[in-house]
Amino acid sequence: MADMAKKSAPPQTIILATDLSSRCDRAMQRALQLAKLWNSRLIILSVVEPDDPDESSESWNPLHRRRPPASRSVAEAQIRRQFGEIADLAEVRIIEGDPASIIQDVAQQVAAELIITGVGRDETFGRHVLGSTVEQLAQRTTVPLLIVKSRVWPYEEILVATDLSESSGQALATADRFFPTAPITALYVAEAPTEGAPGLPDQRQQMADQKSGCVAFIERSGLAPEACLRVKALVDQGRPEVAVRRYMLEKEVDLVVVGSHGQGGVFEKRLGGVARRILDYAPADVLVVRDSRAQSGDAPPKSG
């Protein structure tokens, strides 16, 4: 009974993964906003490089006057300065090592249900560029990953980019679980119709069939009947990342949720799939939800 309640409730434990740079400021604000909204446990996690042995006490040059402070001490001081009283309420963890591996390990240890982080950099009037740590997390993490790009205000509408697969169904269910009152749009982007080709239905019929497929996807996603009423089916044609970006800009949507098939799927080693392009092109926040079957080693289908 407790497990069922947990599966239907918002995240109880959130990790904010921050390198303490200015590009993580929005991620910090979003983490604080969601932790307060959900009354969640918040863990502020910063992974630092091991201290340089050349700067140890044995090799310290007295001409420097002051010994260089250890990385952990610097990070802790920055967190206290940036977060103020919030750092006293949250759990602060500063660990040395490889960032992606440490973040994933800590998430498993504390049973985190959401990891929040920022982008590598923001190209002016262009795409947001992911850092290597974010790429590795999106590729490997077993926990939903929220990549924050936008300024922080409530998510008034949620966009779920779907290919009608079971992985997309898990993404839709996660969106409903995290934001149970927000309207949701399930966007299915099909290939451009081939109007007039012999033996194929006309464009209007193709669109109607695709819309029916999207409605059926929503119905079989496992949402409660009242939740299904909040989900609108929408069909577009062309490149998914372009359609997602266009819809988010036109409707001022601040969050898109995308399912990852895991190993062998849209997040391949080269990160060359649809989800990766959506991460690049989306003008606002992206929530990546990895297929739970990929976590157990099963090979989920790429479409459904």
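This is a predicted model: local features need pLDDT of at least 70, side-chain atom pairs count only at pLDDT 80 or more; totals for chains, interfaces and linings use all residues.
Biologist: Let's start with Asp 285. Where is its place?
Modeller: Asp 285 is in strand β12, residues 285-290. Residues are numbered from 1 along each chain as its sequence is written, and side-chain values use heavy atoms, with hydrogens and water left out.

Biologist: Is Asp 285 buried or exposed?
Modeller: Asp 285 counts as buried because its relative accessibility is 0%. Buried means under 20% relative accessible area, exposed means over 50%, and partly exposed is in between, using a 1.4 Å probe and protein chains only.

Biologist: What does its side chain make a polar contact with?
Modeller: With the side chain of Tyr 155, at 2.5 Å. A polar contact is a pair of N or O atoms within 3.5 Å; within protein, one must be able to donate a hydrogen and the other to accept it, and residues adjacent in sequence count only if both atoms are side-chain atoms.

Biologist: And which residues does Asp 285 touch?
Modeller: Leaving out residues up to four places away in sequence, the list includes Arg 30, Leu 146, Lys 149, Met 248 and Asp 254. Contact means heavy atoms within 4.5 Å.

Biologist: Tell me about Tyr 155 then. Where is its place?
Modeller: Tyr 155 is in the loop between β7 and β8. Tyr 155 is buried, because its relative accessible area is 9%.

Biologist: Switching to cavities: how many of 30 Å³ or more does the structure hold?
Modeller: One, and the largest cavity has a volume of about 30 Å³. On a 1 Å grid over the protein atoms alone, a cavity is a set of points where a 1.4 Å probe fits but cannot get out, and lining residues have an atom within 4 Å of a point. Grid points are joined across faces, edges and corners, and the volume is the space filled by probe spheres set on the points.

Biologist: Which residues line the largest cavity?
Modeller: Tyr 155 is one of them, and others include Leu 34, Trp 38, Phe 178 and Leu 287. By class, the lining has nine nonpolar, no polar and no charged residues. Ala, Val, Leu, Ile, Met, Phe, Trp, Tyr, Cys and Pro count as nonpolar, Asp, Glu, Lys and Arg as charged, and the others, Gly among them, as polar.

Biologist: Now helix α6. Which residues are buried there?
Modeller: Val 134, Leu 137 and Ala 138, in a helix covering residues 132-140. They are on the same side of α6 because they cover an arc of only 100 degrees around the axis, taken from the directions from the helix axis to the C-beta atoms.

Biologist: What covers them?
Modeller: The cover includes α5 (99-109), β4 (114-118), β7 (145-148) and α11 (274-281).

Biologist: What about Glu 241, buried or exposed?
Modeller: Glu 241 counts as buried, because its relative accessibility is 1%. Its place is in helix α10, residues 240-251. Polar contacts join its side chain to those of Arg 239 at 2.7 Å and Arg 277 at 3.1 Å.

Biologist: Last topic, backbone angles. What is phi for Asn 39?
Modeller: About 55 degrees, a positive value although Asn 39 is not a glycine. Asn 39 is found in the loop between α2 (25-38) and β2 (41-48), and it counts as exposed at 71% relative accessibility.

Biologist: And what is phi of Leu 164 near?
Modeller: Near 70 degrees, again positive in a residue other than glycine. Leu 164 is found in the loop between β8 (158-162) and α7 (166-178), and it is buried, with a relative accessible area of 11%.

Note on methods:
Helices (H or I, at least four residues) and strands (E, at least two) are DSSP runs, numbered from the N terminus. On a 1 Å grid over the protein atoms alone, a cavity is a set of points where a 1.4 Å probe fits but cannot get out, and a pocket is an open set with protein on both sides within 12 Å along at least five of seven lines; lining residues have an atom within 4 Å of a point.
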